[in-house]
Amino acid sequence: MSELTTVARPYAKAAFDFAVENADIANWQEMLVFAGEVANNDEIRNILSSALAAENLAELFVGVCGEQLNTHGQNFIHVLAHSNRLSALPDISKQFDAFKADYDKEVDVDVTSAIKLSKEQLDKMSAALEKRLSRKVKLICNVDPGLVAGLIIKAGDTVIDGSVNSKLNRLSDALQA
């Protein structure tokens, strides 16, 4: 876990709690995504690492973001600037997205298969995973012909490896033991 991710978590949590309290989650998510993209800009990154005073830095950042930030978003930028945390905005945005997904009981599931899966297979898999994980599932599908056959499913910390390669490796390990 990077240092910025650790730094970003309390700011993302505070922003998320404020957004929930004010029923404004979608707007906050949009603001943070935009501000994160601004903070990722090479020129802005150079400015963020300069010796500008926090207030000047905040005003410059808010000026670049323009109407993309409401008053609360602008105040958030000022807080981050005074804490020297504007460079953490991309990570704050990612953490905010994770809090939102948890709040909405959603999970991204990476599915890697040897061949492209049919719509029917994806629908069945989605239904089974939603039941098992007790969350809405968003499938992110990848094809890796090197698997030979089977699937590798990753949902957060959960990994289900049903690939032929994995089974062959386990069999090889058992035979060598």
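## The sheet

Four strands form an open sheet in the order 2-1-3-4, and their pairing is mixed. Strands here are DSSP runs of E with at least two residues, helices are runs of H or I with at least four, and both are numbered from the N terminus; two strands count as paired if DSSP finds at least two bridges between them. Strand 2 (136–143) and strand 4 (158–161) are at the edges with a single partner strand each, so one side of each has no neighbour in the sheet. From one strand to the next the twist averages 15°.

The model is predicted, so local features need pLDDT of at least 70 and side-chain atom pairs count only at pLDDT 80 or more, while totals for chains, interfaces and linings use all residues. Residues are numbered from 1 along each chain as its sequence is written, and side-chain values use heavy atoms, with hydrogens and water left out.

Strand 3 (residues 151–155) and strand 4 run antiparallel and are joined by four bridges. I153 has I160 of strand 4 as its bridge partner, and A155 has T158.

## Helix 2 against helix 4

Helix 2 (residues 25–40) packs on helix 4 (residues 54–65) at an angle of about 115°, and the axes are 10 Å apart. Axes are lines fitted to C-alpha atoms, for helices over the stretch in contact, and angles run from 0 to 180 degrees between N-to-C directions.

Helix 2 contributes F34, A35, V38 and A39 to the contact, and helix 4 contributes F61, V64 and C65; contact means heavy atoms within 4.5 Å. These residues divide into seven nonpolar, no polar and no charged. Ala, Val, Leu, Ile, Met, Phe, Trp, Tyr, Cys and Pro count as nonpolar, Asp, Glu, Lys and Arg as charged, and the others, Gly among them, as polar.

## The largest pocket

The largest pocket has a volume of about 350 Å³. On a 1 Å grid over the protein atoms alone, a pocket is an open set of points with protein on both sides within 12 Å along at least five of seven lines, whereas a cavity is a set where a 1.4 Å probe fits but cannot get out; lining residues have an atom within 4 Å of a point. Grid points are joined across faces, edges and corners, and a volume is the space filled by probe spheres set on the points.

The lining of this pocket has 13 residues, with D97, A101, E106, V107 and D108 nearest its centre. Helix 6 (89–103), strand 1 (106–113) and strand 2 each supply at least two lining residues, and helix 6 gives the most, with five. The lining divides into four nonpolar, one polar and eight charged residues.

## The cavity

The count comes to one cavity of 30 Å³ or more. The largest cavity holds about 40 Å³ of space and is lined by W28, M31, L32, A35, L69, G73, F76 and I77.

Helix 2 and helix 5 (71–82) each supply at least two residues of this lining. Helix 2 has the largest share, four residues. By class, the lining of the largest cavity has seven nonpolar residues, one polar and no charged.
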